[in-house]
Amino acid sequence: MNVKKALTIAGSDSGGGAGIQADLKTFQELGVFGMSALTAVTAQNTLGVQGVYPMTAEAVQQQIQSVADDLHPDAVKTGMLFSAEIIEMVAAEIARNRWKNIVIDPVMIAKGGARLLLNDAISAMKEFLLPLSLVITPNIPEAEVLTGRIIKTEQDKREAAQALHELGAKHVLLKGGHDGDKNLASDLLFDGKEFFELKSPRVSTKNTHGTGCTFSAAITAGLADGMSVLQASERAKLFIQASIEDDLQLGSGHGPTNHWAFNKRKKEELVHGKN
């Protein structure tokens with residue numbers, strides 16, 4: 001049996017909606033064996049982040065090495081990396097192991113506003129990590145920080161994507177959840193030559209905790225399974241749309257997405273013959 005494997009290097013969300021927990025759930029739902037290296041433990045729920053407890057760079061490195069020595073991931077995703085020291089070490093491990101299917105989700109701020117990336121880590125991410133990435137998946141606020149640009153229009157999004165590509169990312173998927181369109185959630189994928197728009201109806205809900213992590217993890221699972229970046233992104237778009245639309249309504253704040261919605265829909269289509 002040729003089991004595809006994906007490694008996530010990210011923080012833990014005790015509420016289960018984002019971070020390592022969201023990544024592993026997504027990998028599992030998409031038929032990829034998930035592995036993890038924790039960069040930080042957060043005390044977190046739908047109301048916000050109550051505490052952040054980072055791991056040492058040595059602890060993160062040992063986790064990555066243990067996976068690399070034995071389990072050999074087909075794709076790797078990074079999420080919350082917290083510090084410049086951890087970022088530099090992760091970049092060194094990716095380069096040492098010659099991993100190619102690298103998805104960088106530049107997690108900076110939690111849904112409730114808590115900062116998950118130190119200021120000095122931003123330059124380290126641009127210098128050491130972006131040049132190793134096959135795909136980078138920032139939302140608009142993250143892309144503004146990384147590029148130093150204000151992003152308001154579609155042209156702004158395209159120029160920001162080009163700027164991130166120039167920093168070394170082979171593909172840029174600029175997530176559109178924060179743009180001003182009230183009807184459509186439009187993500188922009190740039191491969192260095194062409195732009196591709198991934199659009200879906202915008203869902204009016206506060207329960208979007210972990211959408212960025214889940215979307216990026218779905219892309220990672222697709223890459224591990226041999227899909228192209230465009231194919232993986234298109235399926236990830238369907239996955240995240242289903243997870244938002246089929247709301248779990250958990251917690252009192254920004255509730256999590258529904259990670260089993262995509263497969264539940266597929267099963268219902270098989271049983272009931274839906275299109």
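Select β7 (171–174) and β8 (184–190): these strands pair in the antiparallel sense over three bridges. Two strands count as paired if DSSP finds at least two bridges between them, and strands (E, at least two residues) and helices (H or I, at least four residues) are DSSP runs numbered from the N terminus. Within this pair, Leu174 stands opposite Leu188 in β8. The model is predicted: local features need pLDDT of at least 70, side-chain atom pairs count only at pLDDT 80 or more, and totals for chains, interfaces and linings use all residues. Residues are numbered from 1 along each chain as its sequence is written, and side-chain values use heavy atoms, with hydrogens and water left out.

Seven bridges join β8 to β9, and the two run antiparallel; Ser186 stands opposite Lys199 in β9. The two strands form a hairpin with four residues between them, and Gly192 in the turn has a positive phi of about 100°. Buried means under 20% relative accessible area, exposed means over 50%, and partly exposed lies in between (1.4 Å probe, protein chains only).

Next, display helix α6 (residues 154–166), which lies across β7, β8 and β9 and runs at about 35° to β8. Axes are lines fitted to C-alpha atoms, for helices over the stretch in contact, and angles run from 0 to 180 degrees between N-to-C directions.

Now show the whole sheet. Nine strands form an open sheet in the order β3-β2-β1-β4-β5-β6-β7-β8-β9, with mixed pairing.

Move to strand β4 (residues 75–78). Ala75 and Lys77 point one way from the strand, Val76 and Thr78 point the other way, and all are buried. Strand β1 (residues 5–13) pairs with β4 in the parallel sense over four bridges, and the bridge partner of Leu7 in β4 is Val76. Three bridges join β4 to strand β5 (residues 102–104), again running parallel; there the bridge partner of Thr78 is Ile104.

Select Ala22, which is found in helix α1. Ala22 counts as buried because its relative accessibility is 0%. Leaving aside residues up to four places away in sequence, Ala22 touches Gly16, Gly17, Cys213, Thr214 and His259, where contact means heavy atoms within 4.5 Å. Ala22 and Thr211 are 189 residues apart in sequence and 8.7 Å apart in space, C-alpha to C-alpha.

Finish at helix α9 (residues 261–272), whose twelve residues reach 16 Å from first C-alpha to last. Which residues of α9 are buried? They are Ala261, Phe262 and Asn263, and their cover includes α1 (19–29) and α8 (229–245). The axes of α8 and α9 come within 7 Å and cross at roughly 95°, which means that α8 is roughly perpendicular to α9 (65 to 115 degrees). To view the contact, select Arg235, Leu238, Phe239, Ala242, Ser243 and Glu245 of α8, together with Ala261, Phe262 and Arg265 of α9.

How values were computed. The expected span of a helix is 1.5 Å times one less than its number of residues. Angles under 35 degrees count as roughly parallel, over 145 as roughly antiparallel, 65 to 115 as roughly perpendicular and the rest as oblique.
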